[in-house]
Amino acid sequence: MRIFLLGLCLLAVTSHAQECDPQAAAQAMLENETRFVALGQEKDARAASLEFLADDAIMLEPGPVNAKKTWNERKAAPLSLQWKPSFCAMARSCDLGFTTGPAEWRRSKSDEKPLGYGQYMSLVKEQKDDDWNVVVDGGGPVPSPQHTKGPPGRKLSPTPTRTRALNERAAQN
């Protein structure tokens, strides 16, 4: 009986590992990022951040601070923050990834001219409920505008596929 249960556990672990698709996980992560940006535009950056940050998320301001606590202490403001992933990568385990890209902020959503521009990076982890939450959030200003119009991009990083191909090639040699 023990061997049977051990076999079932191994089968479950093996089948989960086989089902892991970094491209599909990256796509799910990007879709989550799209919802994050949309909520920020619908409500505000504070509400969106409180919704999409993990409870123990770290924000770099410039040093590490508890992101949820920091956003909880901020008052809701009409500040409009937009960002667009231009690159993402996913771990082979399909539970940890990151996105990076341009960002811009305006005093309010109706302002035509941005107050500033930046480059962001978010480390994102899949949670127990199959949702994705930001666990590390950072970024910094850049001197000139970058493209942030429209919803976040869908172009995925070739990193997982390329890495898999390189590993297969190395194993053959």
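These are my notebook entries on what I looked up in this predicted model.

**Ground rules**

I number residues from 1 along each chain as its sequence is written, and I leave out hydrogens and water, since side-chain values use heavy atoms. In this predicted model local features need pLDDT of at least 70 and side-chain atom pairs count only at pLDDT 80 or more, while totals for chains, interfaces and linings use all residues.

**Entry 1: the whole chain**

I started with the secondary structure. The protein chain has five helices and seven strands. Both are DSSP runs numbered from the N terminus: helices are H or I with at least four residues, strands are E with at least two. Along the sequence I read the pattern α-α-α-β-β-α-β-β-β-β-β-α.

Next I checked burial. Of the 173 residues, 35% count as buried. Buried means under 20% relative accessible area, exposed means over 50%, and partly exposed is in between (1.4 Å probe, protein chains only).

Then I looked at contacts (heavy atoms within 4.5 Å). Among contacts with a separation of 6 or more, 57% come from residues 24 or more positions apart.

**Entry 2: helix α3**

I turned to α3, residues 45-52. Its buried residues are A45, A48, S49, L50 and F52. They pack against α2 (22-42), β1 (53-60), α4 (67-73), β3 (80-83) and β7 (132-142). An α-helix has 3.6 residues a turn, so residues three or four places apart point the same way.

What caps the N-terminal end of α3? I found D44 there, with a side-chain oxygen 3.1 Å from the backbone nitrogen of R46. For reference, a polar contact is a pair of N or O atoms within 3.5 Å; within protein, one must be able to donate a hydrogen and the other to accept it, and residues adjacent in sequence count only if both atoms are side-chain atoms.

**Entry 3: aromatic rings**

I found four aromatic pairs in the structure. Rings of Phe, Tyr and Trp (its six-membered ring) pair if their centres lie within 6.5 Å; planes under 30 degrees apart are stacked, over 60 edge-to-face, and the rest tilted.

F36 and F52 are a stacked pair, 4.9 Å centre to centre with 15° between the planes. F36 belongs to helix α2 and F52 to helix α3, so this pair ties together parts that are 16 residues apart in sequence. F36 is buried at a relative accessible area of 7%, and F52 is buried at 8%.

W83 and Y120 make an edge-to-face pair, 6.5 Å centre to centre with 65° between the planes. W83 is in strand β3 and Y120 in strand β6 (residues 116-126), so the pair ties together parts that are 37 residues apart in sequence. W83 is buried at 9% relative accessibility. Y120 is buried too, at 8%.

I noted that F36, F52, W83 and Y120 form one aromatic cluster.

I also checked for a charge over a ring (NZ of Lys or CZ of Arg within 6 Å of the ring centre and within 35 degrees of the ring normal). The charged end of R74 sits over the ring of W71, 4.4 Å from its centre.

**Entry 4: the nonpolar core**

A nonpolar core is a set of buried Ala, Val, Leu, Ile, Met, Phe, Trp, Tyr and Cys residues joined through side-chain atoms within 4.5 Å. The largest one has 27 residues. M29, F36, L53, W71, W83, M90 and W132 touch the most other members. Two or more residues each come from α2, α3, β1, α4, β4 (87-90), β6 and β7. Which element gives the largest share? I found α2, with seven residues.

**Entry 5: strand β7 and its partners**

Strands pair if DSSP finds at least two bridges between them. β1 and β7 run parallel, joined by three bridges. I58 has V136 in β7 as its bridge partner. β6 and β7 are antiparallel, with ten bridges. G118 stands opposite P141 in β7. β6 and β7 form a hairpin with five residues between them. In the turn, D130 has a positive phi of about 70°.

Is N133 buried or exposed? N133, in strand β7, is buried at 11% relative accessible area. Beyond its neighbours within four places in sequence, its contacts are E51, F52, L53, A54, L123, V124, K125 and Q127.

Last, I looked at L60 in strand β1. L60 is partly exposed at 37%. Leaving aside neighbours within four places in sequence, L60 is in contact with D137 and G138. L60 and G140 are 80 residues apart in sequence and 9.4 Å apart in space, C-alpha to C-alpha.
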